[in-house]
Each structure stands twice: as C-alpha cells, then as structure tokens.
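I opened this notebook to record what I looked up in the structure, entry by entry. The entries follow the order in which I consulted it.

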Amino acid sequence: MPHRQHASVPIPATLAILLARDASVAHNEVPMIRANCRARFTAADFDFIVRTLARPQTDQVSLVDLLSDLETRDSILDHPRLVDAILNHCGHLRISSQFYFYVLARHVLQQGGIGDRKLCDYVASLLETFSHASRLQISEETHHLAEQYISDMLIALNRATPEQAFLLRAHIGNYSLFISGIFHENTHRRSLRGGPDIEFYEQVGRTNYQLVSSHVVARRCELDDVFEGLADRFRDVRLALNQLSDQLLNLDEDARPSISL
C-alpha cells in the first residue's frame, strides 16, 4: 500500500513502542481521525469505478455524471462488483488506500447489519490511518507493548486538558477497535497466556467511545453520532472487522495486492 504523510502522526502498533517506553503520550502525537475517506477519493479511484462498472462505451459518460451526485455516488460505491474487482485483481491496483479501505469496510459492515455510511467512512479512515504505521502486521512483542500502551494512555488522562482527553479517549477507542478487529487472533492467543482478552478491548473501546460522544469537540467535528454508534455497536463492528481480517485482507505483505495513487 502507498505511504502517505498525514497531518498528524499515527502512532499505533510498531510506533507505539517508542511512546510506551517513554510512558508519555502528548496530545499532538495522537491522530485525529475523521469520517472523510469519501471526500478524499482520487481521479484514479473514479476511473477505477468507471472501468469496473461501465460496460458499453456510451455508459461511461453517464456514470461519470452520476458520480458527481453524492447520493448517487454512495449507491454506486455499494456495488458488489467493486469489491470483486479489488479482491480478484492480479498485480498493481491504481487506487488510493482510502478508496480501498472504504469499499472493503463498507462491504463487511453492511454484511454485519451496519448501514450507516458515515460510521463506515470513519472505520475506513481508522483502518487507513493505522495501516500506514502498522503495515497490517503485529508481533507478539508489539502486542505486549500495545497492552502497556493503552495503560499509558489511560494514565495520561490524569494530566490531560479537556481537549487532550478527548483526543486520547478517541484514540483509545480507535486503537482498541483496531487491535480487537484486525488482530483478534493474536489477542486471543495472548489471552490464553494471561493477557487481556477480546472482552477487555471491547469494554475499553466501548466506554471511551461513549465518553467522547458527548464531548464538545465531537459535536464540533460532527462525530458525536459516529462515536455513539461505535459505542452502541462496538462488538458488531469488531466482528465485521474480524471478517475483513480473516477473509478479505491478506496479511502476508508479499501476497497482498499492491495499491498506489
């Protein structure tokens, strides 16, 4: 997948090791994730949609016209042929990471009975942000440090300002969802050896999402409904991401199809 520079520095997985060692989490090191994958699609993404869905040459112009309407575009993005085209493509996919994760996240979340597009968009942005740091791989050592990392963030809440606390709690929820959703098998194996189990991450994630859902920053960023939805349906979202990890994402870096802008 392509490497892109984010406005704030994502710090999950391997990068979390450095912060966990220092036992300090500064608010400006926590990524602010927004539900904006659909707003960041590229010309190459739209070209991929047209080439995948348009059959006769005359259909391409009408499809491009339809993509200019947001409501119609959202319906087009739900077309199962897009998922098939991404998963069955051999070689190099010239699509953005935000498009890749939105289409796949939307697919599994809909299968799990979650139809809220804004929530799907947020989950896709979460996966995109975290994947750049973790490369969708995690070791036993990193998983152990992830546990310490969450503890450090919870401790950091004691000295955080209200806005810093919002960023930290949102990140704790996001991080808990990412670990329990994408790396649930690693989490289960560690729980058998005394580490936190899936239910621990569910409880931590659900609680922190609920706390930030009523925060003034969440309302200002128009994320209060997303956080409330994630708190209410954390387990359903987590199970959908388990399916994404098990059935759709190939965590083998050499075997996974590459994508680029």
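Predicted model: local features only at pLDDT ≥ 70, side-chain atom pairs only at ≥ 80, totals over all residues.

**Entry 1: Helix 6 and helix 14**

I began with a pair of helices and found that the axes of helix 6 and helix 14 come within 9 Å and cross at roughly 125 degrees. Helix 6 is therefore oblique to helix 14, and I noted that the crossing of the two is right-handed.

I then looked up which residues meet. On the side of helix 6 they are L104, H107, V108, L109 and Q111, and on the side of helix 14 they are V237, A240, Q243, L244 and L248. Sorted by class, this contact has seven nonpolar and three polar residues, with no charged residues.

**Entry 2: V108 and Q111 of helix 6**

V108 lies in helix 6. Leaving aside residues up to four places away in sequence, I listed A240, Q243, L244 and L248 as the residues that V108 touches. I also looked up the distance from V108 to L239: the two C-alpha atoms are 9.1 Å apart, although 131 residues separate them in sequence.

Next I turned to Q111, which is placed in helix 6, the helix of residues 97-111. Its relative accessible area is 48%, so Q111 is partly exposed; the class lies between the limits of 20% and 50%. The C-alpha atom of Q111 is 9.7 Å from that of Q243, and these residues are 132 positions apart along the chain.

**Entry 3: Helix 5 against helix 6**

I stayed with helix 6 and looked up helix 5, which spans residues 80-87. The axes of the two helices come within 10 Å, and the crossing angle is roughly 120 degrees. Helix 5 is therefore oblique to helix 6. This crossing is left-handed.

Helix 5 contributes L82, V83, I86 and L87 to the contact, and helix 6 contributes F99, Y100, V103, L104 and H107. I counted the classes as eight nonpolar residues, one polar residue and no charged residues.

**Entry 4: Helix 9 and helix 11**

I moved on to helix 9 (residues 162-182) and helix 11 (residues 198-213). Their axes come within 8 Å and cross at roughly 150 degrees, and the crossing is left-handed.

The contact list was taken down in two parts. From helix 9 I wrote F166, R169, A170, I172, G173, N174, S176, L177, I179 and S180. From helix 11 I wrote I198, Y201, V204, G205, N208, Y209, L211 and V212. The residues of this contact divide into 11 nonpolar, six polar and one charged.

**Entry 5: R238 of helix 14**

I returned to helix 14, residues 234-248, where R238 is placed. Which residues does R238 touch, not counting residues up to four places away in sequence? I found L177, S180, G181, I198 and E202. R238 has a relative accessible area of 7%, so R238 is buried, the limit being under 20%.

I looked up E222, which lies in the loop between helix 12 (216-220) and helix 13 (224-232). E222 has a positive phi of about 55 degrees, although E222 is not a glycine. With a relative accessible area of 55%, E222 is exposed, since exposed means over 50%.

D225 is found in helix 13. I recorded D225 as partly exposed, because its relative accessible area is 36%. D225 and S214 are 11 residues apart in sequence, and their C-alpha atoms are 9.1 Å apart.

**Entry 6: The whole protein**

The protein has 14 helices and two strands. Of its 261 residues, 51% are buried. Among contacts with a separation of 6 or more, 77% are accounted for by residues 24 or more positions apart. The protein exposes about 11,700 Å², and carbon and sulfur atoms supply 50% of that area.

Key:
Residues numbered from 1 in each chain as written. Heavy atoms only, no water. Helix = DSSP H or I, 4+ residues; strand = E, 2+ residues; numbered from the N terminus. Buried < 20%, exposed > 50% of the residue type's maximum accessible area, 1.4 Å probe, protein only. Axes fitted to C-alpha atoms, helices over the stretch in contact; angles between N-to-C directions. Parallel < 35°, antiparallel > 145°, perpendicular 65-115°, else oblique. Left-handed = near helix turned anticlockwise from the far one by under 90°. Contact = heavy atoms within 4.5 Å. Nonpolar A, V, L, I, M, F, W, Y, C, P; charged D, E, K, R; others polar. Areas by Shrake-Rupley, 256 points an atom, 1.4 Å probe, with all protein chains shown as cover.
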